[in-house]
Amino acid sequence: MPLTNDVYIIGKNEELVSLVKEQIGNYFTAHEIAIEEIRKYEPNLIVLVNAEGNTAVEYAQLILSELHETAIICVNDEENFDVLRGLNRLGITDYYILPGEEILFMEKLHTLAREAGQRKLQDQALMKRGGGKVFSFYSGSGGTGKSIVSSVFAQTLKLESTANVLFIDLNLQYGGAETYLNLDSSRSIVDLLPVIDELNEQHIRNVAEMEEHSNMHVIVSPRDAEMAERVSEELILRLLRAAKRSYDFIIIDLPVWMDERTYIALEESTKIYYVMNLDTQAIKIFHHVEKLFQRLGIVMEERMDMVLNFKGKDKELTKKDLERFVTYPIAVEIRRDKNLQNFINKGVPLRKTPKEKKMTSFAKDVHKWVNSMLK
Ligand SMILES: Nc1ncnc2c1ncn2[C@@H]1O[C@H](COP(=O)(O)OP(=O)(O)OP(=O)(O)O)[C@@H](O)[C@H]1O
Ligand SMILES: [Mg+2]
């Protein structure tokens, strides 16, 4: 029987929290989180610890309004009818007094964990069918090709499959991928701010531009720095969570700098493609980024792949050399393409139709990569 191992404890009552941790520690992994963090963790099973001011009722209400499939079990350190009544009104009937009702509490927790485990399995099955994958393109160095590679990757994915693809430019300034996609949008991610609390597929469609050749949806960054300031990590989180429900692939073009917004996009990513040049300087910068990611707790194992751009004879290093310094898989090598600038200057997209015959070498390399992924 599947069992949820993770139990999230919420409530500002140190003594009672320690007691709960002690009780459940042998059977579950206890995570103590703040009420403000529920959206981030989306817990399946919560032990709500009552605290001064009877916060349990208020917190329960918040949890119920934010998360729809979470089991809540409440504990208190004394009989308290206000809490009991408040919880009952919200439909929460699992309420125990500790110390005293340890056995009943543990029995109920095991039952709820089993049910939560079942739900999680069902969710995972759903994710496999309809849940979107998020691919982020990142680099610690500027000008390595994040924007052009990510946009051609997304176009290719859309053209060569029946998948729904959303491209999001998170550079939060002008000059990101919209220039390569030749879009001139009056709407941007900022237009999602008024609907942040109820963000859904329709809102995304209303704000997205359609790239005319591939029909993929694109959300661009605001051009105005002041507007860009208003894009919060919360907005990005909500956008990605909503997008995952209605798109198969979400491709993100990220800026070089690390802030809360870049961080949250990386956290939400299924894959992180690190775009780099083949030289020693690039490796040095990569190792800095690796350390930074470790410090921030961004998981790289099984998630980070390298994209080697500007491949050519004149390169200081080869793929073999790189493999000695970097342990992550190399997803693709993309050749330096003399023709690329021509396309960009003329505002001609690199990909226009499925199964194109005449492609420039850059588009060919990306095509091969995407096709091998789709198999
Ligand atoms: N394989 C390639 N062959 C030739 N030119 C390339 C190649 N890849 C990228 N370029 C060129 O390099 C320049 C930088 O590319 P791009 O804007 O995609 O980089 P970036 O990493 O997004 O930069 P920034 O850090 O400024 O966001 C562009 O002019 C692009 O056309
Ligand atoms: Mg860029």
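1. A word on the ground rules. This is a predicted model, in which local features need pLDDT of at least 70, side-chain atom pairs count only at pLDDT 80 or more, and totals for chains, interfaces and linings use all residues. Residues are numbered from 1 along each chain as its sequence is written, while chains are lettered from A and ligands numbered from 1 in the order in which they are written.

2. The overall picture. The protein chain holds 15 helices and 13 strands; helices (H or I, at least four residues) and strands (E, at least two) are DSSP runs, numbered from the N terminus. Along the principal axes, its C-alpha atoms fill a box of roughly 75 × 45 × 40 Å. Of the 375 residues, 38% are buried. Here a residue is buried if 20 or more other C-beta atoms lie within 10 Å of its own, exposed if 12 or fewer, and partly exposed in between, with C-beta atoms placed from the backbone.

3. Domains. The chain is assigned domain 1 (6-127) and domain 2 (131-374), with bounds that come from an automatic or database domain assignment. Taken over C-alpha atoms, the centres of domain 1 and domain 2 are 39 Å apart.

4. The sheet of 5 strands. This one is open, with parallel pairing and the order E2-E1-E3-E4-E5. Strand E2 (29-32) and strand E5 (95-97) are at the edges with a single partner strand each, so one side of each has no neighbour in the sheet. On average, and with direction ignored, neighbouring strands of this sheet are turned by 25 degrees against each other. For that angle, axes are lines fitted to C-alpha atoms (for helices, over the stretch in contact), and angles run from 0 to 180 degrees between N-to-C directions. Two strands count as paired if DSSP finds at least two bridges between them. Strand E4 (residues 71-76) and E5 run parallel and are joined by 3 bridges; Val 75 has Tyr 96 in E5 as its bridge partner.

5. The sheet of 8 strands. This sheet is open too, but its pairing is mixed, and its order is E8-E9-E7-E10-E6-E11-E12-E13. Strand E8 (209-210) and E13 are the edge strands, each pairing on one side only.

6. Strand E6 and its partners. Strand E6 (residues 133-138) runs parallel to strand E10 (residues 249-253), with 5 bridges between them, and parallel to E11, with 4 bridges. Ser 136 has bridge partners on both sides: Ile 252 in E10 and Ile 272 in E11. Phe 135 stands opposite Ile 251 in E10. E6 is mostly covered, with 5 of its 6 residues buried.

7. Strand E12 and its partners. E12 is mostly covered as well: 6 of its 8 residues are buried. Strand E11 (residues 271-276) runs parallel to E12 over 5 bridges, and Val 275 has Val 307 in E12 as its bridge partner. Between E11 and E12 the chain passes through helix H12 (residues 280-296), a right-handed β-α-β crossover. Right-handed means that, with the strands pointing away from the viewer, the path from the first strand over the helix to the second runs clockwise.

8. The ligand. Which residues come nearest to ligand 1? Of the 18 residues around it, they are Gly 142, Gly 145, Lys 146, Ser 147 and Ile 148. Helix H6 (146-160), strand E12 (304-311) and helix H14 (340-346) are the elements that give two or more residues to this shell. A residue is near a molecule or strand if its C-beta atom, placed from the backbone, lies within 6 Å of it. By class, the shell has 7 nonpolar, 8 polar and 3 charged residues. Ala, Val, Leu, Ile, Met, Phe, Trp, Tyr, Cys and Pro count as nonpolar, Asp, Glu, Lys and Arg as charged, and the others, Gly among them, as polar.

9. One residue to look up. Ile 264 sits in helix H11 (residues 260-267). Ile 264 counts as partly exposed because it has 19 C-beta neighbours inside 10 Å. Ile 264 and Ser 232 are 32 residues apart in sequence, and their C-alpha atoms are 9.9 Å apart in space.
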